Amino acid sequence: MPLGLRCLSYCAGVSACEKGKQWQQALRLLCEMQEVTVETDVICYNTGITACKTGGQWQYALVLLSEMRSAKLGPNPVGYSAGICASEKGGQCHYAVSLLSEMWEAKLEPSIIRSLQ
């Protein structure tokens, strides 16, 4: 299977896990992508962060944001917003404020997410 198609397949799986509120499975797929050297992308990471937010796993959301930085993939406003929401949902407002500050330093515009759940 071509590498681009493999990435797309994995990202579709991560998205299905996020929609099905299966944050553990979403993280497993992201880890598996790294193990089999399928390059992850911003969308896949953002979806994983959102899955963690929905599952109340703010720690893992922040780990994914950190991995994005290390991979030089961002994060972008969508990833930051999901990380901010995950932090707030987990009662970690200091992380939310820190992420918002990072966004401003990176000159990224905060966005409004409709369904914050």
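Biologist: Is Cys31 buried, partly exposed or exposed?
Modeller: In this predicted model, Cys31 is partly exposed, because its relative accessible area of 42% lies between the 20% and 50% cut-offs.

Biologist: And Cys44, buried or exposed?
Modeller: Cys44 is buried, with a relative accessible area of 1%.

Biologist: How many disulfides does the structure hold?
Modeller: The structure holds 0 disulfides. Cys31 is in none, and the nearest cysteine sulfur, that of Cys52, is 10.0 Å away.

Biologist: How many residues has helix H4?
Modeller: Helix H4, residues 58-70, has 13 residues. From first C-alpha to last, H4 reaches 19 Å, close to the 18 Å expected.

Biologist: Which residues of H4 are buried?
Modeller: They are Trp58, Ala61, Leu62, Leu64, Leu65 and Met68. Seen down the axis of H4, these buried residues fall within an arc of 155°, so they line one face of the helix.

Biologist: Why would residues spaced like that point the same way?
Modeller: An α-helix has 3.6 residues a turn, so residues three or four places apart point the same way.

Biologist: What covers the buried residues of H4?
Modeller: The cover includes helices H2 (23-35), H3 (42-54), H5 (77-89) and H6 (93-105).

Biologist: And what follows H4?
Modeller: H4 is followed by Lys72, whose phi is positive, near 60°.

Key: Residues numbered from 1 in each chain as written. Predicted model: local features only at pLDDT ≥ 70, side-chain atom pairs only at ≥ 80, totals over all residues. Heavy atoms only, no water. Disulfide = S-S within 2.5 Å. Buried < 20%, exposed > 50% of the residue type's maximum accessible area, 1.4 Å probe, protein only. Helix = DSSP H or I, 4+ residues; strand = E, 2+ residues; numbered from the N terminus. Expected span 1.5 Å × (residues − 1). Arc of directions from axis to C-beta. Contact = heavy atoms within 4.5 Å.
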